[in-house]
Amino acid sequence: MTATGKAREHRRRALLAVTVGALMTATITACFPTAASSVPPAASATPTAAGIESPSAPAPTDEPGQIVGTVVRFTSDRTSVDVTVGEDSPGVRDFLSLLPTELRFEEFAGREKISYLPRELVHDGSPGSDPEDGDLIYFTSWGNLGFYYDADGIGFSDATLHIGTYVATEEQLSLLEGGPVTVEIVD
């Protein structure tokens, strides 16, 4: 079984465990409503890519307005690049719901470093953009993220969703290539 297959199996089992636990809680609550009122509320949690809640992760998707300014860190064994989320849109929210995750980046066309997400983002209602150097984008036609470092001549496209901005050199972005890159929200 590949690492991706193992990760999917792990997420599937974890989701099953959470689902069974939720069903048991709902059943107990329905049968004994007074027992549920004496249970303290759970800690704030954020959905992850598998749909499982992670109590240790920040929860930027809980309220409108908390998305903008969220910092997402891309870390390889040789560097890290922080991206500051620049807008609140369905595509950005869905991207954040995938985190934490692991990606692999590669050079594309002498303009950007790209990586394919584990699944396409739900992006209906997200505005297109006119990317600039220093932008992290999601290209809906191919389902990939892109760190633009040479956006000269690239114009507006409804298929190019702006995720956020970063400050890094092309050389630093190159250090994201060749191995796994952990992508996570920074506290």
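**Exercises on a predicted model**

At 25% relative accessibility, Arg93 counts as partly exposed; this value, like the others here, comes from a predicted model.

**Exercise 1.** Find the salt-bridge partner of Arg93 and classify that partner by accessibility.

Solution.
- Step 1: Arg93 pairs with Asp88, and the closest N and O atoms are 2.8 Å apart.
- Step 2: A salt bridge requires a distance within 4 Å, so the pair qualifies.
- Step 3: Asp88 has 32% relative accessibility and counts as partly exposed.
- Step 4: Elsewhere, salt bridges with shared partners link Glu107, Lys113 and Glu177 into one network.

**Exercise 2.** Is Asp94 buried or exposed, and which residues does Asp94 touch?

Solution.
- Step 1: Asp94 belongs to helix H3, residues 90-97.
- Step 2: Its relative accessibility is 11%; buried means under 20%, so Asp94 is buried.
- Step 3: Leaving out residues up to four places away in sequence, Asp94 touches Arg119, Glu120, Leu121 and Val122.
- Step 4: A polar side-chain atom of Asp94 lies 2.7 Å from the backbone nitrogen of Val122.

**Exercise 3.** Give the strand order of the nine-stranded open sheet and identify the edge strands.

Solution.
- Step 1: The order is S5-S11-S3-S4-S10-S8-S9-S7-S6, with antiparallel pairing.
- Step 2: S5 (101-104) and S6 (106-108) each have a single partner strand, so one side of each lacks a neighbour in the sheet.
- Step 3: On average, neighbouring strands are turned by 35° against each other, direction ignored.
- Step 4: Within the sheet, S3 (residues 71-75) and S4 (residues 80-85) are joined by five bridges, and Val72 stands opposite Val83 in S4.

Key:
Residues numbered from 1 in each chain as written. Predicted model: local features only at pLDDT ≥ 70, side-chain atom pairs only at ≥ 80, totals over all residues. Heavy atoms only, no water. Helix = DSSP H or I, 4+ residues; strand = E, 2+ residues; numbered from the N terminus. Buried < 20%, exposed > 50% of the residue type's maximum accessible area, 1.4 Å probe, protein only. Polar contact = N/O pair within 3.5 Å; in protein donor to acceptor, adjacent residues only side chain to side chain. Contact = heavy atoms within 4.5 Å. Pairing = 2+ DSSP bridges. Axes fitted to C-alpha atoms, helices over the stretch in contact; angles between N-to-C directions. Salt bridge = Lys/Arg side-chain N within 4 Å of Asp/Glu carboxyl O.
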